[in-house]
Protein chains: 2
Amino acid sequence: MRNKLIVQKFGGSSVSSIERIKNAALRALSYAKKGYKLVIVVSAMGDTTDELIDLSSQITKNPNPREMDMLLSTGEQVSSALLAMSLQKLGLKAISLTGWQSGIASEDVHGKARIIKITPKRIEEELKHNKIVVVTGFQGINSKEDIATLGRGGSDLSAVALAYALDAKICEIYTDVNGIYTTDPRIEPKAKKIKQITYDEMLEMASLGAQVMQARSILFAKKFGVTIHVRSSLNKKAGTVILREAKMLEESVVSAVTLNQSEAKITICDVPDKPGIAATIFKEISKEGVNVDMIVQNVSRASTTDLSFTVSKGELKRALRTSRKAANKIGAGKVFFDSDIARVSIVGVGMRSHSGIASKMFEILADNNINIEMISTSEISISCIIQKKFGKKAVQVLHDKFGLGVKQ
Amino acid sequence: MRNKLIVQKFGGSSVSSIERIKNAALRALSYAKKGYKLVIVVSAMGDTTDELIDLSSQITKNPNPREMDMLLSTGEQVSSALLAMSLQKLGLKAISLTGWQSGIASEDVHGKARIIKITPKRIEEELKHNKIVVVTGFQGINSKEDIATLGRGGSDLSAVALAYALDAKICEIYTDVNGIYTTDPRIEPKAKKIKQITYDEMLEMASLGAQVMQARSILFAKKFGVTIHVRSSLNKKAGTVILREAKMLEESVVSAVTLNQSEAKITICDVPDKPGIAATIFKEISKEGVNVDMIVQNVSRASTTDLSFTVSKGELKRALRTSRKAANKIGAGKVFFDSDIARVSIVGVGMRSHSGIASKMFEILADNNINIEMISTSEISISCIIQKKFGKKAVQVLHDKFGLGVKQ
């Protein structure tokens, strides 16, 4: 079946109107004409999910998660039925299936359940009858026979998991952008679409703020070797293929530059330089449910050190309050914060085998009078915290100097 | 359980806004405080179903019925989740369940499936845990594990069937009117709310144009002895109880007067008076899918007779075309029609044991110079077709002379 079956996923913006739904159906028609079998995963239409959340918020600020899943899962059911009708209108055989009809079993939590097993008996049966199967994304059924939603990026996960369970040739993710770019084209018009990218690079980019796909779907795809093709629902251009090893004619060391302006920096001064101190601080912070991102601790001067870390701006207030409490507890000094920062990062699997990339990055920034406040590195990325006002410029000069705009 | 369990059904207008949903929850709270267990069946919010139908009509005029059921069933899922949240907000334990979770098995048709079996295992389990169970009305699951909707009045049917399956004390149908009236209060301000009415009278009234409940739910209730209480969701007044035998202090022969102005009359003149002729005509008409209501054939004069019948105005055109074809085929004369007619009817189980009711009706109409064009009787009703302009007056004089406005 592998060579004949394709899983396609249409996100909310790609099914936001009847017109868009009809377009998705026309695309399916062109695939059907080429002899492909299709399983199409759909999100809810446009703002449907937000509208449903708004209804619930008129009742309570803390809706029961099980009931919330009952409510939200209707959005995908609506779009799946409408797409099936559109396919039928074109003369194609089609059927819509909910998560529970598709055999997508989830764990017993609500709002962000993980998929634990897919038993796509019904899907396979309908495919055998030459039907295009439209599956509601973002949802499964748990052991209590309750509907459970899969959380943010859940429809992508549904698609990738179905592609694996059905041994599909490829999983196409249709979105409103043309693919993955070397950097954000709104910041750097010379940004180029990347033809192929590895799971690891994509994961790194997702964690650094690129918003095309959630990390969990990519992690799943990496684990089970599902090839993903991210592309636009608005045209027929090829997008970006995400796979284990990109095969490029000319391998570039750096694949992309990312910018994240949604973080704030907190610094705790004069932290006693003793074992277990960092653990104490971050335990306190995580107890408050605050996610800490980059952490930098400088080499100790005398018996104290400064500890800096970043959090998302939305969590800054809570993080500050907890940090001050923790600082007090361990006898540290003042706590400062700065929300006018940006994180600029370069990503590329080539870094694994190339040295000197970090120093080149620092040099480029220095040549442009951009001061670096914090540095953090992973195996395939380097991130610098800089002042927010330099964010855009940093992206442009790095994109240019690492040759991203001209290569490919 | 019988004395402790009540099934309530809230129609579309009773859950048309978050405010109304909260009101339904408050009502449940007052029942819970009295120690009742509740199963609440909900329709879709206000115009939701129409909005979903509109979406599908932008795709096709002939949507696949299975997909239509997938689409429409989401409306009740939304309102069930929102009501469950509202109940929880009031501190009550509650859970929403879909038709398939509630074990409502339907036949394998779509759009107007009949319920074939209810296995309310999950509902009973949740009731045992002292939860109020909110069930999506209007839907079940068929043998293919597909969602099937139950057609017009489907939520009433869900409620009545669940009341039977769960052996509930009573099935309360909440609506936007205070109950069943002796006649339409918009026509006769002296109309009174009926405290108790029999299934048979209610069935007769439904078939004569009263729109409070569909005949199928009443038939089901009659068959299985489910007591129904039709009442308003906007106040706490008792409504009308529908049961096998009304127990009134003072039994009235006539219970209600109804008026139906949605029909037209067709007359085929000079129909040959031979066996099988009527069958030929009505077979032709029913082949076209036209529903014929009242049929009157006069005693033959010479060798031909006139045949009159009524159809709904929406089907008049098709009925006329077919009638003319049929008249031609059997050698009958001209075909006339009149759409300015009204059907006024009196209904009452007391007619079974009282004679002279028909002549009294005719006399009342004659005294008021209202000419009768057609007459039709059933065991517990008498209907007269009159000119439309006399419809309102006929209702008023009959209501008055049969003593409906002053009794009770």
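A salt bridge is a side-chain nitrogen of Lys or Arg within 4 Å of a carboxyl oxygen of Asp or Glu. The legends below describe a predicted model, in which local features need pLDDT of at least 70, side-chain atom pairs count only at pLDDT 80 or more, and totals for chains, interfaces and linings use all residues. Residues are numbered from 1 along each chain as its sequence is written, chains are lettered from A and ligands numbered from 1 in the order in which they are written, and side-chain values use heavy atoms, with hydrogens and water left out.

**View 1. Lys287(A) pairs with Glu284(A) in a salt bridge.** Their closest N and O atoms are 3.6 Å apart. Both residues belong to helix 8 (residues 277–287) of chain A. Helices (H or I, at least four residues) and strands (E, at least two) are DSSP runs, numbered from the N terminus. An α-helix has 3.6 residues a turn, so residues three or four places apart point the same way. Is Lys287(A) buried or exposed? Lys287(A) is exposed, at 62% relative accessibility. Glu284(A) is buried, with a relative accessible area of 12%. Here buried means under 20% relative accessible area, exposed over 50%, and partly exposed in between (1.4 Å probe, protein chains only).

**View 2. Arg343(B) and Glu263(B) form a salt bridge.** The closest N and O atoms are 3.2 Å apart. This pair links distant parts of the chain, 80 residues apart. Arg343(B) sits in strand 18 (residues 341–347) of chain B, and Glu263(B) in strand 14 (residues 263–272) of chain B. Both Arg343(B) and Glu263(B) are buried.

**View 3. Arg321(B) forms a salt bridge with Glu288(B).** Here the closest N and O atoms are 3.4 Å apart. Arg321(B) lies in helix 9 (residues 316–330) of chain B, and Glu288(B) in the loop between helix 8 (277–287) and strand 15 (292–297) of chain B, so the pair ties together parts that are 33 residues apart in sequence. Glu288(B) is partly exposed, with a relative accessible area of 31%. Over all chains, the count comes to 34 salt bridges.

**View 4. A rotation of 179° superposes chain B on chain A.** The shift along the axis is 0.1 Å, and the RMSD is 0.1 Å. That is the relation of a two-fold axis. Copies are superposed by least squares on the C-alpha atoms of residues with pLDDT of at least 70 in both. Which residue of chain B comes closest to the rotation axis? Thr74(B) does, with its C-alpha at 2.6 Å.

View 5. Contact means heavy atoms within 4.5 Å. Of the interface residues of chain B, 100% are also interface residues in chain A, so the copies meet through the same surface. The buried area is about 3,300 Å², with carbon and sulfur atoms giving 65%. Ile59(B), Met85(B) and Trp100(B) supply 21% of the area that chain B buries against chain A, more than any other three residues. Buried area is the accessible area (1.4 Å probe) that two parts lose on being put together, summed over both.

**View 6. Two salt bridges cross the interface of chain B and chain A.** Asp146(A) forms a salt bridge with Arg122(B), the closest N and O atoms being 2.9 Å apart. A network of salt bridges links Arg66(A), Glu67(A), Asp146(A), Arg122(B), Glu126(B) and Lys131(B).

**View 7. Helix 6 (residues 199–207) of chain A is largely enclosed by the rest of the structure, because eight of its nine residues are buried.** Among the buried residues are Tyr199(A), Met202(A) and Leu203(A). Just after helix 6 of chain A, Gly209(A) takes a positive phi of about 115°.

**View 8. Phe138(A) and Asn369(B) each have a positive phi without being glycine.** Most residues other than glycine have a negative phi, and most peptide bonds are trans. For Phe138(A), phi is near 75°. Phe138(A) is placed in the loop between strand 6 (132–136) and strand 7 (139–141) of chain A. Phe138(A) is buried, with a relative accessible area of 13%. For Asn369(B), phi is about 60°. Asn369(B) is in the loop between helix 10 (357–367) and strand 19 (374–378) of chain B. Asn369(B) counts as exposed, at 65% relative accessibility.
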